[in-house]
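Below is a short briefing on one predicted model.

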Amino acid sequence: LKEAIEYYRRQGAPGDQNALRNLLTEIQEAHGGTIPKGILPEVAGGLGVKESFLSEYTVKVVHNTIDTQVFCPTPSNFRKQYGLENKKIVLGVASSWGRRKGIQDFLEMSQHIGPEIKIVLVGLDDEQMNNLPANILGIKKTNSTKSLAEIYTAADVFVNPSREETFGLTTVEAIACGTPAIVYKDTACEEIVHQWGGCVSL
């Protein structure tokens, strides 16, 4: 790590954004797609942040947040609307779905679940919705946070199969709505479920 920091410092980091980005990408790749939070102080120190003009300012970590007045348990008629009153709902949400977000994992999952389970995916495009198996309900992207909160609340479990999350906003939103989450090990989402509820898949 020290060698990498020194190399990219010579390349102009942290002032040179490309050099800084390359350093962080290298660290991320070395740690399975995530940057352990304990490494960041060492990176900042190694890059001489405290010796720069930034040393005049108080440095404070501001974590990503959600509005828990919006994302909270929100009863609705979602199950009745889609005929899911007697189903167990496995939910996935993304602004857009692709391999990086793990849509293949849901398609594979659909081959191994019984008739009592329905997968619900929010954020699909028209082509994806037209090619879903019968046990996956596709819903287009919504800009309504209230609708999202209702869907999160209606689900029995939320699954985030992405292996490249830097934070996992949807995971936090689901947990805030009272729905446990399942995520992959060695992603940023793992820290979230360890602290707030859910489980980690190997």
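**Loop residues and overall figures**

At 42% relative accessibility, Gln11 is partly exposed, a class that lies between buried (under 20% relative accessible area) and exposed (over 50%), with a 1.4 Å probe and protein chains only. This is a predicted model, in which local features need pLDDT of at least 70 and side-chain atom pairs pLDDT 80 or more, while totals for chains, interfaces and linings use all residues. Residues are numbered from 1 along each chain as its sequence is written, and side-chain values use heavy atoms, with hydrogens and water left out.

- Gln11 sits in the loop between helix 1 (2-10) and helix 2 (17-30); helices (H or I, at least four residues) and strands (E, at least two) are DSSP runs numbered from the N terminus.
- Apart from neighbours within four places in sequence, Gln11 is in contact (heavy atoms within 4.5 Å) with Asp16 and Ala19.
- Leu23 is 12 residues from Gln11 in sequence, and their C-alpha atoms are 10.0 Å apart.
- Ser110 belongs to the loop between helix 5 (103-109) and strand 2, and Ser110 is buried at 9% relative accessible area.
- Not counting residues up to four places away in sequence, Ser110 touches Ile119, Pro133, Asn135 and Ile136.

**Whole chain**

- The protein chain holds nine helices and six strands.
- Of its 202 residues, 39% count as buried.
- Among contacts between residues at least 6 apart in sequence, 52% join residues at least 24 apart.

**Strands**

- Five of the six residues of strand 1 are buried, so strand 1 is largely enclosed by the rest of the structure.
- Strand 1 pairs with strand 2 in the parallel sense over six bridges, where pairing requires that DSSP finds at least two bridges between two strands; Val93 has Val122 in strand 2 as its bridge partner.
- Strand 1 also pairs with strand 4 in the parallel sense, over two bridges, and Leu91 stands opposite Phe158 in strand 4.
- Strand 4 pairs in the parallel sense with strand 5 (residues 181-184) over three bridges, and there Phe158 stands opposite Ala181.
- In strand 4, Val157 and Val159 point one way, Phe158 and Asn160 point the other way, and all are buried.
- In a regular strand the side chains alternate between the two faces of the sheet.

**Helix 8**

- Six of the eight residues of helix 8 are buried, so helix 8 is largely enclosed by the rest of the structure.
- The buried residues of helix 8 are Thr170, Thr171, Val172, Glu173, Ala174 and Ile175.

**Second largest pocket**

- The second largest pocket has a volume of about 370 Å³.
- Of its 25 lining residues, Val93, Ala94, Ser95, Thr170 and Glu173 are the closest to its centre.
- A pocket is an open set of points on a 1 Å grid over the protein atoms alone where a 1.4 Å probe fits, with protein on both sides within 12 Å along at least five of seven lines; lining residues have an atom within 4 Å of a point.
- Grid points are joined across faces, edges and corners, and a volume is the space filled by probe spheres set on the points.
- At least two lining residues each come from strand 1 (88-93), strand 2 (117-124), helix 7 (145-154), strand 4 (157-160) and helix 8 (169-176).
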